[in-house]
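Please look over the sequence and the model first.

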Amino acid sequence: MTVASKPTSAATPAVRVLNLAGIDYTLHSFDHDPSTRRYGTEAADKLGVGSDQVFKTLMIQVDGEPVTALVPVSGQLDLKGLASTRGAKKAQLAGVAETERRTGYPVGGVSPFGQRHAVPVVIDRTALEHSSVFVSAGRRGLEIEIRPEDLVMLTNAQVGKIAALD
């Protein structure tokens, strides 16, 4: 992979984090259709990659504490699996307003990098089955392609079985 060169002024916080870390990644952009609500599926389709390789970033409350969960768009978050992975009893999705306030990103463009408030990250173990995965770069229509090992390392993520795959 190569580092995409973008002017720093146009870079999202996520891209700035990757540039500062010196991590190899590729930035992919596509024309986002504003009527689309399945952002991850749209990214997979427009980038021509499998939906199991594109990971959606979700803000979750686990025993009342915020956690960022990354699961492939080909499946759904297993809330019980996430709670179990975190050694907790209960997990539930955070609301749109809370997600946007806490991360600083719009829903559909939430990146695991450069969030306004750092929280624990949990990534579904299927990410490690790929040579690269795609996560949002901080806005709709902009994706980061990165090695899953670098994603885990940079986010200090816990890896677990947190997706129910279709």
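## Pockets and salt bridges

The lining of the second largest pocket divides into 7 nonpolar, 5 polar and no charged residues. Here Ala, Val, Leu, Ile, Met, Phe, Trp, Tyr, Cys and Pro count as nonpolar, Asp, Glu, Lys and Arg as charged, and the others, Gly among them, as polar. The model is predicted: local features need pLDDT of at least 70, side-chain atom pairs count only at pLDDT 80 or more, and totals for chains, interfaces and linings use all residues. Residues are numbered from 1 along each chain as its sequence is written, and side-chain values use heavy atoms, with hydrogens and water left out.

A pocket is an open set of points on a 1 Å grid over the protein atoms alone, where a 1.4 Å probe fits, with protein on both sides within 12 Å along at least five of seven lines; lining residues have an atom within 4 Å of a point. Grid points are joined across faces, edges and corners, and a volume is the space filled by probe spheres set on the points.

The second largest pocket has a volume of about 160 Å³. Its lining includes V17, T68, F113, H117 and L154. The largest pocket has a volume of about 600 Å³. It is lined by 31 residues, and Y39, K56, T57, L58 and G108 lie nearest its centre. Helix 2, strand 2, helix 4 (96–103) and strand 8 each give two or more residues to that lining. Helices (H or I, at least four residues) and strands (E, at least two) are DSSP runs, numbered from the N terminus. The lining of the largest pocket divides into 14 nonpolar, 11 polar and 6 charged residues.

How many salt bridges does the structure hold? There are 4. A salt bridge is a side-chain nitrogen of Lys or Arg within 4 Å of a carboxyl oxygen of Asp or Glu. Three of them are set out here.

| Salt bridge | N to O distance |
|---|---|
| K46 and E42 | 3.3 Å |
| E149 and R147 | 3.7 Å |
| D150 and R147 | 3.7 Å |

K46 and E42 are 4 residues apart in helix 2 (residues 39–47), so about one helical turn separates them. An α-helix has 3.6 residues a turn, so residues three or four places apart point the same way. Burial is judged by relative accessible area: buried is under 20%, exposed over 50%, partly exposed in between (1.4 Å probe, protein chains only). K46 is partly exposed at 42%, whereas E42 is buried at 7%.

In the other two pairs, E149 is partly exposed at 39%. R147 is partly exposed at 38%. D150 is buried at 14%. Shared partners join R147, E149 and D150 into one salt-bridge network.

D150 is one of the buried residues of helix 5 (residues 148–155), along with P148, L151, V152 and T155. Their cover includes strand 3 (65–72), strand 6 (121–124), strand 7 (133–139), strand 8 (142–146) and strand 9 (158–160). Just after helix 5, N156 takes a positive phi of about 55°.

Where is S51 placed? S51 sits in the loop between helix 2 and strand 2 (55–62). S51 is partly exposed, at 30%. Beyond its neighbours within four places in sequence, S51 is in contact (heavy atoms within 4.5 Å) with A44, P72, V73 and S74.
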